[in-house]
Amino acid sequence: MTDEELKDAPSSFDIIGDIAVVHLPENLASKASLIGEAILRVQRSVRVVLGESGRVEGTYRVRRYIHLAGEERTQTIHRENGCLFFVDLSRVYYTPRLSGERLRIASLVSSDEVVADMFAGVGPFAITIAKRSGALVYASELNPAAYELLVKNIEANRLSGRVTPLFGDCREVFRDVKRRFDRVIMNFPSDPLSFLSTALTILKEKGTIHLYGFAESPDDWERLVEDRVKSLGASCSVSAKRLRPISPKKSLHVADVEIN
Ligand SMILES: C[S@@+](CC[C@H](N)C(=O)[O-])C[C@H]1O[C@@H](n2cnc3c(N)ncnc32)[C@H](O)[C@@H]1O
(Lines give C-alpha, C1' and ligand atoms only; values in the text may rest on other atoms or scores of the structure.)
Protein backbone atom coordinates (compact mmCIF):
# COMPACT_ATOMS: atom_id res chain seq x y z
CA MET A 1 0.00 0.00 0.00
CA THR A 2 1.16 3.56 -0.66
CA ASP A 3 1.54 6.06 2.20
CA GLU A 4 -1.63 7.81 0.99
CA GLU A 5 -3.58 4.52 1.06
CA LEU A 6 -2.24 3.65 4.50
CA LYS A 7 -3.45 7.03 5.77
CA ASP A 8 -7.00 6.27 4.52
CA ALA A 9 -7.06 2.63 5.65
CA PRO A 10 -9.84 1.95 8.18
CA SER A 11 -8.51 2.07 11.74
CA SER A 12 -11.66 0.67 13.29
CA PHE A 13 -14.62 -1.52 12.35
CA ASP A 14 -17.82 -2.82 13.88
CA ILE A 15 -18.02 -6.40 15.05
CA ILE A 16 -21.45 -8.01 14.88
CA GLY A 17 -21.29 -11.62 16.05
CA ASP A 18 -18.45 -13.12 14.03
CA ILE A 19 -18.75 -10.55 11.21
CA ALA A 20 -16.50 -7.48 10.95
CA VAL A 21 -17.98 -4.54 9.03
CA VAL A 22 -15.62 -1.90 7.66
CA HIS A 23 -16.17 1.41 5.93
CA LEU A 24 -13.80 1.49 2.93
CA PRO A 25 -12.98 4.78 1.21
CA GLU A 26 -13.37 4.61 -2.60
CA ASN A 27 -9.62 4.96 -3.26
CA LEU A 28 -9.03 1.67 -1.41
CA ALA A 29 -11.48 -0.43 -3.46
CA SER A 30 -8.62 -2.28 -5.15
CA LYS A 31 -7.17 -3.17 -1.71
CA ALA A 32 -10.49 -4.46 -0.32
CA SER A 33 -9.57 -8.13 -0.01
CA LEU A 34 -6.09 -7.29 1.34
CA ILE A 35 -7.74 -5.28 4.13
CA GLY A 36 -10.34 -8.03 4.71
CA GLU A 37 -7.62 -10.69 5.04
CA ALA A 38 -5.65 -8.47 7.46
CA ILE A 39 -8.73 -8.12 9.70
CA LEU A 40 -9.26 -11.90 9.62
CA ARG A 41 -5.67 -12.41 10.74
CA VAL A 42 -5.77 -9.99 13.72
CA GLN A 43 -9.34 -10.70 14.94
CA ARG A 44 -9.38 -14.41 15.72
CA SER A 45 -13.13 -14.49 16.47
CA VAL A 46 -14.04 -12.96 13.08
CA ARG A 47 -15.03 -15.37 10.28
CA VAL A 48 -16.49 -12.90 7.74
CA VAL A 49 -15.39 -9.41 6.69
CA LEU A 50 -17.91 -7.18 4.90
CA GLY A 51 -17.45 -3.70 3.45
CA GLU A 52 -20.21 -1.12 3.66
CA SER A 53 -21.55 -0.28 0.21
CA GLY A 54 -23.68 2.86 0.26
CA ARG A 55 -25.89 4.26 2.98
CA VAL A 56 -28.54 2.78 5.23
CA GLU A 57 -31.60 3.13 2.98
CA GLY A 58 -35.36 2.94 2.68
CA THR A 59 -38.11 2.36 5.21
CA TYR A 60 -36.45 -0.84 6.42
CA ARG A 61 -33.12 0.99 6.97
CA VAL A 62 -31.01 -1.73 5.31
CA ARG A 63 -27.51 -1.25 3.92
CA ARG A 64 -25.78 -3.12 1.07
CA TYR A 65 -22.48 -4.85 1.76
CA ILE A 66 -19.69 -6.30 -0.33
CA HIS A 67 -17.88 -9.44 0.73
CA LEU A 68 -14.18 -8.76 1.47
CA ALA A 69 -12.86 -11.92 3.09
CA GLY A 70 -13.73 -15.11 4.95
CA GLU A 71 -16.97 -17.08 4.69
CA GLU A 72 -19.63 -15.78 2.28
CA ARG A 73 -22.59 -15.05 4.52
CA THR A 74 -24.39 -12.14 6.18
CA GLN A 75 -26.12 -14.04 9.04
CA THR A 76 -24.64 -14.24 12.51
CA ILE A 77 -25.51 -14.39 16.21
CA HIS A 78 -24.55 -11.26 18.15
CA ARG A 79 -24.27 -11.12 21.96
CA GLU A 80 -24.93 -7.83 23.71
CA ASN A 81 -25.75 -6.90 27.32
CA GLY A 82 -26.42 -10.53 28.24
CA CYS A 83 -28.88 -11.04 25.33
CA LEU A 84 -28.39 -12.80 22.01
CA PHE A 85 -29.61 -11.67 18.63
CA PHE A 86 -29.91 -13.55 15.34
CA VAL A 87 -29.10 -10.97 12.66
CA ASP A 88 -28.94 -11.00 8.85
CA LEU A 89 -27.14 -7.85 7.78
CA SER A 90 -28.32 -8.08 4.14
CA ARG A 91 -32.00 -8.01 5.19
CA VAL A 92 -32.32 -6.07 8.46
CA TYR A 93 -30.96 -3.06 10.33
CA TYR A 94 -28.55 -3.66 13.18
CA THR A 95 -25.87 -1.57 14.87
CA PRO A 96 -23.79 -2.57 17.89
CA ARG A 97 -23.07 1.14 18.50
CA LEU A 98 -26.25 1.64 20.51
CA SER A 99 -25.54 -1.10 23.05
CA GLY A 100 -24.74 1.42 25.82
CA GLU A 101 -27.89 3.39 25.01
CA ARG A 102 -30.03 0.24 25.19
CA LEU A 103 -28.55 -0.47 28.61
CA ARG A 104 -29.27 3.11 29.74
CA ILE A 105 -32.92 2.83 28.70
CA ALA A 106 -33.29 -0.61 30.32
CA SER A 107 -31.92 0.81 33.59
CA LEU A 108 -34.67 3.47 33.63
CA VAL A 109 -37.50 0.93 33.33
CA SER A 110 -39.15 -0.57 36.41
CA SER A 111 -40.63 -4.05 36.53
CA ASP A 112 -44.26 -2.88 36.70
CA GLU A 113 -44.08 -0.85 33.47
CA VAL A 114 -45.59 -1.70 30.11
CA VAL A 115 -43.33 -0.50 27.26
CA ALA A 116 -43.96 -0.03 23.52
CA ASP A 117 -41.06 -0.34 21.05
CA MET A 118 -42.54 1.12 17.85
CA PHE A 119 -39.56 0.36 15.54
CA ALA A 120 -38.24 -2.88 16.99
CA GLY A 121 -35.99 -4.28 14.24
CA VAL A 122 -34.71 -7.66 15.44
CA GLY A 123 -35.50 -6.60 19.01
CA PRO A 124 -32.40 -5.16 20.72
CA PHE A 125 -34.28 -2.47 22.71
CA ALA A 126 -37.37 -4.60 23.44
CA ILE A 127 -35.41 -7.68 24.48
CA THR A 128 -32.79 -5.84 26.56
CA ILE A 129 -35.53 -3.94 28.41
CA ALA A 130 -37.65 -7.05 29.10
CA LYS A 131 -34.68 -9.15 30.15
CA ARG A 132 -33.04 -6.60 32.44
CA SER A 133 -36.09 -4.88 33.96
CA GLY A 134 -38.78 -7.57 33.93
CA ALA A 135 -41.24 -5.12 32.29
CA LEU A 136 -43.77 -6.23 29.66
CA VAL A 137 -42.87 -5.03 26.15
CA TYR A 138 -44.90 -4.79 22.92
CA ALA A 139 -42.65 -4.52 19.84
CA SER A 140 -43.82 -3.65 16.32
CA GLU A 141 -41.85 -4.15 13.10
CA LEU A 142 -42.75 -3.59 9.43
CA ASN A 143 -39.92 -5.43 7.64
CA PRO A 144 -40.98 -9.12 7.34
CA ALA A 145 -37.35 -10.32 7.60
CA ALA A 146 -36.71 -8.29 10.76
CA TYR A 147 -40.05 -9.41 12.24
CA GLU A 148 -39.11 -13.07 11.62
CA LEU A 149 -35.82 -12.54 13.50
CA LEU A 150 -37.58 -10.57 16.25
CA VAL A 151 -39.83 -13.59 16.91
CA LYS A 152 -36.80 -15.91 16.85
CA ASN A 153 -34.87 -13.63 19.24
CA ILE A 154 -37.76 -13.42 21.71
CA GLU A 155 -37.74 -17.24 21.87
CA ALA A 156 -33.93 -17.48 22.00
CA ASN A 157 -33.88 -15.13 25.01
CA ARG A 158 -36.75 -17.02 26.71
CA LEU A 159 -39.01 -13.99 26.70
CA SER A 160 -42.15 -15.45 25.10
CA GLY A 161 -45.15 -13.87 26.81
CA ARG A 162 -43.05 -10.97 28.09
CA VAL A 163 -42.22 -9.45 24.71
CA THR A 164 -45.21 -9.44 22.34
CA PRO A 165 -44.20 -9.07 18.65
CA LEU A 166 -46.57 -7.14 16.37
CA PHE A 167 -46.12 -7.39 12.58
CA GLY A 168 -46.93 -4.29 10.55
CA ASP A 169 -47.00 -0.51 10.62
CA CYS A 170 -46.82 0.75 14.21
CA ARG A 171 -49.51 3.35 13.38
CA GLU A 172 -51.93 0.49 12.74
CA VAL A 173 -50.91 -2.49 14.85
CA PHE A 174 -50.98 -0.63 18.16
CA ARG A 175 -54.63 0.28 17.50
CA ASP A 176 -55.56 -3.35 18.22
CA VAL A 177 -53.67 -3.40 21.54
CA LYS A 178 -56.17 -2.47 24.20
CA ARG A 179 -53.70 -1.04 26.69
CA ARG A 180 -51.80 2.18 27.20
CA PHE A 181 -48.04 2.37 27.80
CA ASP A 182 -45.81 3.87 30.50
CA ARG A 183 -42.95 4.31 28.04
CA VAL A 184 -42.53 4.39 24.26
CA ILE A 185 -39.26 3.79 22.38
CA MET A 186 -39.04 5.50 18.95
CA ASN A 187 -35.81 4.42 17.24
CA PHE A 188 -36.48 5.58 13.65
CA PRO A 189 -34.16 8.59 13.35
CA SER A 190 -34.78 9.18 9.63
CA ASP A 191 -38.40 10.33 10.18
CA PRO A 192 -39.38 10.14 13.86
CA LEU A 193 -41.60 13.22 14.13
CA SER A 194 -44.19 11.83 11.68
CA PHE A 195 -44.93 9.12 14.25
CA LEU A 196 -45.11 11.32 17.34
CA SER A 197 -48.91 11.57 17.34
CA THR A 198 -49.13 7.74 17.43
CA ALA A 199 -46.73 7.68 20.39
CA LEU A 200 -48.85 10.23 22.26
CA THR A 201 -52.01 8.25 21.52
CA ILE A 202 -50.67 4.97 22.90
CA LEU A 203 -48.96 6.55 25.94
CA LYS A 204 -50.71 6.81 29.31
CA GLU A 205 -51.71 10.31 30.44
CA LYS A 206 -48.28 10.61 32.07
CA GLY A 207 -45.39 8.72 30.57
CA THR A 208 -42.01 8.84 28.83
CA ILE A 209 -41.01 8.80 25.17
CA HIS A 210 -37.41 8.16 24.04
CA LEU A 211 -37.20 9.83 20.66
CA TYR A 212 -34.13 9.30 18.42
CA GLY A 213 -33.35 11.73 15.62
CA PHE A 214 -30.73 13.62 13.66
CA ALA A 215 -29.87 17.24 14.47
CA GLU A 216 -26.84 19.49 14.67
CA SER A 217 -26.87 19.84 18.47
CA PRO A 218 -28.74 18.53 21.54
CA ASP A 219 -30.33 21.99 21.93
CA ASP A 220 -31.66 21.86 18.37
CA TRP A 221 -33.13 18.41 18.88
CA GLU A 222 -34.63 19.38 22.24
CA ARG A 223 -36.30 22.48 20.77
CA LEU A 224 -37.64 20.63 17.71
CA VAL A 225 -39.14 17.85 19.81
CA GLU A 226 -40.61 20.20 22.43
CA ASP A 227 -42.27 22.37 19.75
CA ARG A 228 -43.75 19.34 18.00
CA VAL A 229 -45.11 17.80 21.23
CA LYS A 230 -46.70 21.12 22.16
CA SER A 231 -48.20 21.54 18.68
CA LEU A 232 -49.90 18.17 19.22
CA GLY A 233 -51.53 19.52 22.38
CA ALA A 234 -49.44 17.81 25.08
CA SER A 235 -47.25 19.38 27.74
CA CYS A 236 -43.77 18.00 28.37
CA SER A 237 -40.26 18.45 29.65
CA VAL A 238 -37.49 17.36 27.29
CA SER A 239 -33.84 16.51 27.85
CA ALA A 240 -31.67 15.64 24.84
CA LYS A 241 -28.15 14.34 24.39
CA ARG A 242 -25.81 13.54 21.52
CA LEU A 243 -25.15 9.83 20.91
CA ARG A 244 -22.79 9.82 17.93
CA PRO A 245 -21.69 11.97 14.99
CA ILE A 246 -23.01 11.09 11.52
CA SER A 247 -21.38 13.93 9.54
CA PRO A 248 -19.73 17.26 10.45
CA LYS A 249 -23.13 18.97 10.90
CA LYS A 250 -25.32 16.04 11.87
CA SER A 251 -25.37 13.76 14.92
CA LEU A 252 -27.72 11.12 16.25
CA HIS A 253 -29.49 12.41 19.37
CA VAL A 254 -31.96 11.03 21.87
CA ALA A 255 -34.62 13.15 23.53
CA ASP A 256 -36.10 11.82 26.78
CA VAL A 257 -39.58 13.33 26.77
CA GLU A 258 -41.65 13.36 29.97
CA ILE A 259 -45.31 13.93 29.13
CA ASN A 260 -47.08 15.50 32.13
C1 LIG B 1 -33.36 2.34 12.66
S2 LIG B 1 -34.12 0.75 12.64
C3 LIG B 1 -34.07 0.39 14.37
C4 LIG B 1 -34.28 -1.04 14.75
C5 LIG B 1 -33.99 -1.36 16.22
N6 LIG B 1 -34.70 -0.50 17.14
C7 LIG B 1 -32.52 -1.37 16.52
O8 LIG B 1 -32.05 -0.62 17.38
O9 LIG B 1 -31.80 -2.17 15.89
C10 LIG B 1 -35.83 1.14 12.37
C11 LIG B 1 -36.74 -0.07 12.17
O12 LIG B 1 -38.09 0.39 12.06
C13 LIG B 1 -38.77 -0.39 11.07
N14 LIG B 1 -39.92 0.42 10.62
C15 LIG B 1 -39.92 1.43 9.71
N16 LIG B 1 -41.16 1.96 9.59
C17 LIG B 1 -41.96 1.28 10.45
C18 LIG B 1 -43.33 1.38 10.80
N19 LIG B 1 -44.13 2.29 10.23
N20 LIG B 1 -43.83 0.54 11.74
C21 LIG B 1 -43.02 -0.39 12.33
N22 LIG B 1 -41.70 -0.53 12.03
C23 LIG B 1 -41.18 0.29 11.12
C24 LIG B 1 -37.70 -0.67 10.02
O25 LIG B 1 -38.02 -1.80 9.25
C26 LIG B 1 -36.45 -0.87 10.92
O27 LIG B 1 -36.29 -2.22 11.27
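View 1. N81 has a positive phi of about 50 degrees, although it isn't a glycine. Look for N81 in the loop between β5 and β6 (83-88). Strand and helix names here follow DSSP runs, numbered from the N terminus: helices are H or I with at least four residues, strands are E with at least two. For background, most residues other than glycine have a negative phi. A word on what you're looking at: this is a predicted model, where local features need pLDDT of at least 70 and side-chain atom pairs count only at pLDDT 80 or more, while totals for chains, interfaces and linings use all residues. Residues are numbered from 1 along each chain as its sequence is written, and side-chain values use heavy atoms, with hydrogens and water left out.

**View 2. R158, out in the open.** R158 also isn't a glycine, yet has a positive phi of about 55 degrees. You'll find R158 in the loop between α5 (144-156) and β9 (163-167). R158 is exposed, with a relative accessible area of 75%.

**View 3. Helix α3 and its residue R104.** R104 is found in α3, which covers residues 99-108. The side chain of R104 makes a polar contact with the side chain of E101, at 3.0 Å. A polar contact is a pair of N or O atoms within 3.5 Å; within protein, one must be able to donate a hydrogen and the other to accept it, and residues adjacent in sequence count only if both atoms are side-chain atoms. Setting aside neighbours within four places in sequence, R104 is in contact (heavy atoms within 4.5 Å) with H210, K241, V254 and D256. In α3, the buried residues are E101, R102, R104, I105 and A106. The buried residues of α3 pack against β5 (75-80), α4 (124-133), β10 (181-186), β11 (203-215), β12 (236-247) and β13 (250-259).

**View 4. Helix α4, mostly covered.** Eight of the ten residues in α4 are buried, among them P124, F125, I127 and S133. Just after α4 comes G134, with a positive phi of about 85 degrees.

View 5. A backbone N or O atom of F119 lies 2.8 Å from a nitrogen atom of the ligand. A polar backbone atom of C170 is 2.9 Å from a ligand nitrogen atom. N187 brings a polar side-chain atom to 2.9 Å from an oxygen atom of the ligand. Taken alone, the ligand exposes 590 Å², and the protein buries 99% of that; areas come from the Shrake-Rupley method with a 1.4 Å probe.

View 6. The protein is divided into domain 1 (3-73) and domain 2 (93-259), with bounds from an automatic or database domain assignment. The C-alpha centres of domain 1 and domain 2 lie 29 Å apart. The contact takes eight residues from domain 1 and nine residues from domain 2.

Conventions. Buried means under 20% relative accessible area, exposed over 50%, partly exposed in between (1.4 Å probe, protein chains only).
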